[in-house]
Amino acid sequence: MASMARSSSAIAYPDRFYAAAAYAGLGSSQDSSKAAISRFQNENALLLYGLYQQATVGPCNVSKPRSWNPIEHSKWTSWNSLGNMPSQEAMRLFVKILELDVLFWLQEEDPAWYSKVPESAPEPVVEVEKPSKESASHHDNSVSVPKDTAIDNGSFVETQDKDVILEGLGSVAVYDQWVSLSVTGRQPKARYEHAAAVVQEKMYVFGGNHNGRYLNDIQVLDLKSLTWSKVDTKMTSDSSQELLSPCAGHCLIQWGNKILAVAGHTKDPSDVVTVRSFDTESCTWCVLNSYGKAPIARGGQSVTLVGSSLIMFGGEDSRRSLLNDLNILDLETMTWDAVEAVGTPPSPRSDHTATVHANRYLLIFGGGSHSTCFNDLHVLDLQSMEWSRPKMQGTLPTPRAGHAGVTIGENWYIVGGGDNKSGVSETMVLNMSTLVWSVVTTVQGRVPLASEGLSLVLTSNNGEDILVAFGGYNGRYSNEVHVLKPSHKGMLQQKMLESPAGANVDPVLPTSNGVRDIEYEDQAQDGKVREIVMDNPQSDSMLQKSDEAKERIIVSLKEDKENLEASLSAEHSLTSRLKQELAEAQTANADLTEELRSVRGQLASEQSRCFRLEVDVAELRQKMQQMEALQKEVELLQRQKAASDQAAANAARRQSSGGVWSWIAGSPPETKSVEA
């Protein structure tokens with residue numbers, strides 16, 4: 001039975017999907033479709049229908065059925081609840097459900113269902129039993145096929161033993177488990193704090209830290225042949241540098257056939273962040289010129305590509321100061337812009353991870369400071385530029401820094417990291433729509449996956465997503481390559497059950513006559529999920545249930561409408577109050593402006609008066625100086641007059657004294673004649 005479940009794995013997608021769809025009767029005539037679905041008494045026809053539509057048509061963009069037809073409504077609900085699930089993921093889930101959930105029925109009733117493929121599809125080749133642990137430990141890429149494996153028209157045909165060579169990532173046969181790959185070529189030097197990116201099925205690894213020394217080499221792993229090679233790089237002719245500076249703690253972003261290396265720690269750091277571009281075709285580096293106010297140089301930051309812009313958050317500068325600033329680089333104009341978002345941003349940190357959901361929400365997880373590691377989740381709405389810290393559910397991750405992450409659809413996978421004490425062994429996944437954490441797998445012991453500074457990239461093989469981890473440090477440097485193939489088990493069912501549309505399916509469809517409820521076990525969670533298959537939709541019970549469900553939906557819609565109206569009324573009230581406050585502020589501003597104008601006029605008048613007073617003072621000073629000069633002349637004249645008076649008095653005294661002496665000498669004084 002195990003080999004039967006894996007009998008289709010050798011068929012490549014999308015042929016593998018079309019083979020399963022052809023057997024299920026989907027995509028063919030209506031009669032054959034009914035005949036095929038009628039065989040699935042223990043399978044969910046609604047789920048298969050929704051996955052088939054998602055895989056072949058894409059996301060549901062048709063309007064909800066107007067007439068209340070339970071069948072059409074349920075089919076539309078099943079398809080619409082898948083949202084923007086990629087076509088390849090829908091194909092894989094369709095085939096997996098058909099393989100796992102109807103395995104027993106297929107083996108008992110129709111073991112050759114994969115041989116019933118349209119003539120345009122290739123002949124199915126049956127894979128072998130899963131190799132034992134002893135043989136798998138040698139990472140051998142070839143396995144032996146038992147004899148009773150080929151299928152011909154629904155019956156087994158004995159064949160001779162032969163080897164099926166599974167090349168490259170096709171050798172990974174297990175899901176949700178990390179597998180160490182056996183690679184060829186000269187392995188790169190062990191390192192951590194490097195960065196990696198995938199371009200055209202090749203993983204490019206650049207830089208990193210080894211024993212405290214920064215690296216500047218580029219190593220390439222061919223994901224088809226699993227062969228390592230080193231790229232001989234050079235700088236462009238217009239560059240002043242001969243070699244690119246070694247760095248660590250940088251980020252690599254795929255941009256077409258080029259890889260952008262943003263920021264990072266260097267031996268001789270620059271003042272601002274440097275953006276370098278590597279051309280994978282010419283193997284040349286160049287330093288890109290940027291405009292605007294470039295952020296300070298740093299390492300350990302996160303860089304996320306959103307449209308044609310790079311959003312950089314946090315990191316640690318050359319002085320070991322932690323940062324929590326937000327900067328955006330427009331790749332079309334190469335212009336930096338520092339963003340001041342509202343709300344409470346994450347605390348300063350480095351070695352965190354970031355991703356974008358729905359091309360609108362930037363998620364920041366984990367990271368660390370100089371003494372503490374974090375396990376918090378912060379979300380930035382890129383439209384309103386507002387930070388928030390939502391409540392998480394499920395198995396919450398432990399604090400960590402130096403981890404790595406990639407996204408597959410709505411799921412964000414987090415691998416590795418450490419908490420300053422030991423490496424983190426759990427591989428976590430976050431559903432970004434429901435914010436529910438869950439554990440994918442756990443590694444045991446001191447292995448490279450429980451390391452800090454490892455790199456993680458996403459690739460695919462035969463339509464299946466594969467995570468590729470490289471390097472890291474957990475007491476020793478690593479250069480090993482590990483891969484994990486996510487099974488996505490339970491994610492679709494969880495989404496169907498948690499979504500409002502999925503919640504309406506069970507009440508709409510009755511449980512007697514018209515509909516049969518089926519339970520099947522999920523091998524990962526050992527839980528049971530209720531699924532539905534329809535046979536006779538015309539029963540009275542179905543119509544009654546439909547009416548009840550319709551009433552419930554109407555009541556729910558009315559409640560939602562009332563809540564929205566209340567919210568709208570509150571918003572209107574808030575807007576009115578803000579408008580009133582704005583009018584008052586404008587009036588106060590006008591009064592203040594008028595008062596300021598009056599004060600300015602008074603100030604100008606006072607300045608003019610002061611100027612006139614200064615002129616008067618200058619004139620008075622000049623007059624005082626003139627008066628002082630006149631006073632000095634008067635004093636001089638007075639002194640001259642006093643001297644003249646004194647001389648006259650002396651002369652008079654001399655005259656009077658001269659007559660006495662003449663008399664004594666016998667010369668009497670002359671007698672004045674008196675005229676009659």
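**Exercise 1.** Are Asp465 and Arg92 buried or exposed, and which parts of the chain does the pair tie together?

*Solution.* The model is a predicted one, in which local features need pLDDT of at least 70 and side-chain atom pairs count only at pLDDT 80 or more, while totals for chains, interfaces and linings use all residues. Residues are numbered from 1 along each chain as its sequence is written, and side-chain values use heavy atoms, with hydrogens and water left out.

Step 1: Asp465 is buried and Arg92 is buried, where buried means under 20% relative accessible area, exposed means over 50%, and partly exposed lies in between, with a 1.4 Å probe and protein chains only. Step 2: Asp465 and Arg92 form a salt bridge, their closest N and O atoms being 2.9 Å apart; the term requires a side-chain nitrogen of Lys or Arg within 4 Å of a carboxyl oxygen of Asp or Glu. Step 3: since Asp465 belongs to strand E32 and Arg92 to helix H6 (residues 87–100), the pair ties together parts that are 373 residues apart in sequence. Helices (H or I, at least four residues) and strands (E, at least two) are DSSP runs, numbered from the N terminus.

**Exercise 2.** Describe two further salt bridges, taken from the 12 that the structure holds.

*Solution.* Step 1: the side chains of Glu594 and Arg597 meet at 2.5 Å, N to O, and both residues lie in helix H12 (residues 540–664), 3 residues apart, about one turn of the helix. Step 2: Glu594 is partly exposed, with a relative accessible area of 47%. Step 3: Arg476 and Glu480 form a salt bridge at 3.6 Å, N to O, with Arg476 partly exposed at 44% relative accessibility and Glu480 partly exposed at 29%.

**Exercise 3.** Why does the ring pair of Phe206 and Trp285 count as tilted?

*Solution.* Step 1: the structure holds 12 aromatic pairs, and rings of Phe, Tyr and Trp (its six-membered ring) pair if their centres lie within 6.5 Å, with planes under 30 degrees apart counted as stacked, over 60 as edge-to-face and the rest as tilted. Step 2: the centres of Phe206 and Trp285 are 4.9 Å apart and the planes stand at 45°, so the pair is tilted. Step 3: this pair links distant parts of the chain, with Phe206 in strand E7 (residues 202–210) and Trp285 in strand E16 (residues 284–287), 79 residues apart. Step 4: Phe206 is buried, with a relative accessible area of 2%, and Trp285 is buried with a value of 2%.
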